[in-house]
Amino acid sequence: GCGGGEEQAESSGDKYKFVIGHSMADDTSFGYAVNQNLAEALEESGYFDVEVYGASALGNESECIQATQAGDMQLYMTIAATYSAFIPAAYVFDYQMPWIGNADEGVEILEKIYNDKEFSDYIKAQCEGSGLKVVGFSTLGYRTFTTNKEVASMDDWKGMTLRVNENPIHIDSINSWGANATPMSFTEVYAGLQQGLIEGQSNPPEPTYSSKLYEPQDYITDANHVWHVVIWTVSEDSWNSYSEEAQVALQEAIDQACIDMTDYCLEHNDEYL
């Protein structure tokens, strides 16, 4: 994983060393928003020396969040469901909300919620002192399911072993359908499907497509059962070590990157499907 501790947060010459990690491939909204736009903006600001490690190169989601808390990594972003164990207020995004209009209307409502200043300030305040500073939100839209057999009604879920995030709300929700919820790290899902440890998995279309999870699966179901909210966090210690000017440049670049990620993903979702 990440080594270096405090050394990572120190400035390199006149610049701060800034390590960014994420779990997705380069040809995704993560790669588009981070590898190109964000990294370029931070380098051009003159304050940061940026290194980007995608495709879980620095570890799984929980390991990278812990590395960010420790200051070994400066920026990480992943689904709110994974952050909930570290930031309890993030559980608000995990409740099943398929009744909020159609998928497009639901995403518009979601963006209004997490872009609301009072709401976002509350979430950010809840993680103070945790080692993580919440600096932004984005979305990949709704989560879908891929499965080994066709799902035409709620009864079809019964007895099916489904991969879920390591999150109690997701686990209880899937079990309530009569399915068997199996918590599993995203990096283990492809092998789990190949080996028959799970019969289905839940993700938005983009991660399913980019990680080729369709190869060991036959069907996709637009369950639209829960939003896929991405939380962006910066190491709290690293943030506090930056000059005020560097903090402003960093926040402005992240604000734009959050928009870039959402827009890129939603524009390509039909293609992924």
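Reader: Where is Ile198 found?
Author: The model is predicted: local features need pLDDT of at least 70, side-chain atom pairs count only at pLDDT 80 or more, and totals for chains, interfaces and linings use all residues. Residues are numbered from 1 along each chain as its sequence is written, and side-chain values use heavy atoms, with hydrogens and water left out. Helices (H or I, at least four residues) and strands (E, at least two) are DSSP runs, numbered from the N terminus. On that basis, Ile198 is in the loop between α7 and β9 (200-203).

Reader: Is Ile198 buried or exposed?
Author: Buried means under 20% relative accessible area, exposed over 50%, and partly exposed in between (1.4 Å probe, protein chains only). Ile198 has a relative accessible area of 0%, so Ile198 is buried.

Reader: Which residues does Ile198 contact, leaving aside neighbours within four places in sequence?
Author: Contact means heavy atoms within 4.5 Å. Beyond its neighbours within four places, the contacts of Ile198 are Asn148, Thr161, Leu162, Arg163, Thr182, Met184, Val189, Gly192 and Leu193.

Reader: Which residues does Gly192 contact, with neighbours within four places left aside?
Author: Gly192 lies in helix α7. Its relative accessible area is 2%, so Gly192 is buried. Its C-alpha atom is separated by 8.7 Å from that of Arg163, 29 residues apart along the chain. Leaving aside neighbours within four places, Gly192 is in contact with Met184, Leu197 and Ile198.

Reader: How far apart in space are Met261 and Tyr32, C-alpha to C-alpha?
Author: Met261 lies in helix α10. Its relative accessible area is 0%, so Met261 is buried. Not counting residues up to four places away in sequence, Met261 touches Ser29, Phe30, Ala33, Met77, Ser138, Leu140, Val230 and Trp232. Met261 and Tyr32 are 229 residues apart in sequence, and their C-alpha distance is 7.0 Å.

Reader: Which residues does Asn269 touch, not counting those up to four places away in sequence?
Author: Asn269 also has its place in helix α10. Its relative accessibility is 13%, so Asn269 counts as buried. Not counting residues up to four places away, Asn269 touches Leu140, Pro205 and Glu206.

Reader: How far apart are the end C-alpha atoms of helix α10?
Author: The expected span of a helix is 1.5 Å times one less than its number of residues. Helix α10 (residues 244-272) has 29 residues, so it should span 42 Å; this agrees with its end C-alpha atoms, which are 41 Å apart.

Reader: Which residues of the largest nonpolar core touch the most other members?
Author: A nonpolar core is a set of buried Ala, Val, Leu, Ile, Met, Phe, Trp, Tyr and Cys residues joined through side-chain atoms within 4.5 Å. Of the 35 residues in the largest core, those touching the most other members are Leu75 and Trp232.

Reader: Which element gives the largest share of this core?
Author: Elements giving two or more residues include β2, α1 (29-45), β4 (75-79) and β11 (227-235). The largest share is eight residues, from α10.

Reader: Is the pair of Tyr16 and Phe48 stacked, edge-to-face or tilted?
Author: Rings of Phe, Tyr and Trp (its six-membered ring) pair if their centres lie within 6.5 Å; planes under 30 degrees apart count as stacked, over 60 as edge-to-face and the rest as tilted. The whole structure holds 16 aromatic pairs. The rings of Tyr16 and Phe48 have centres 5.9 Å apart and planes at 40 degrees, so this pair is tilted.

Reader: How many residues apart are Tyr16 and Phe48?
Author: Both Tyr16 and Phe48 are buried. Tyr16 is in strand β2 (residues 15-21) and Phe48 in strand β3 (residues 48-53), 32 residues apart.
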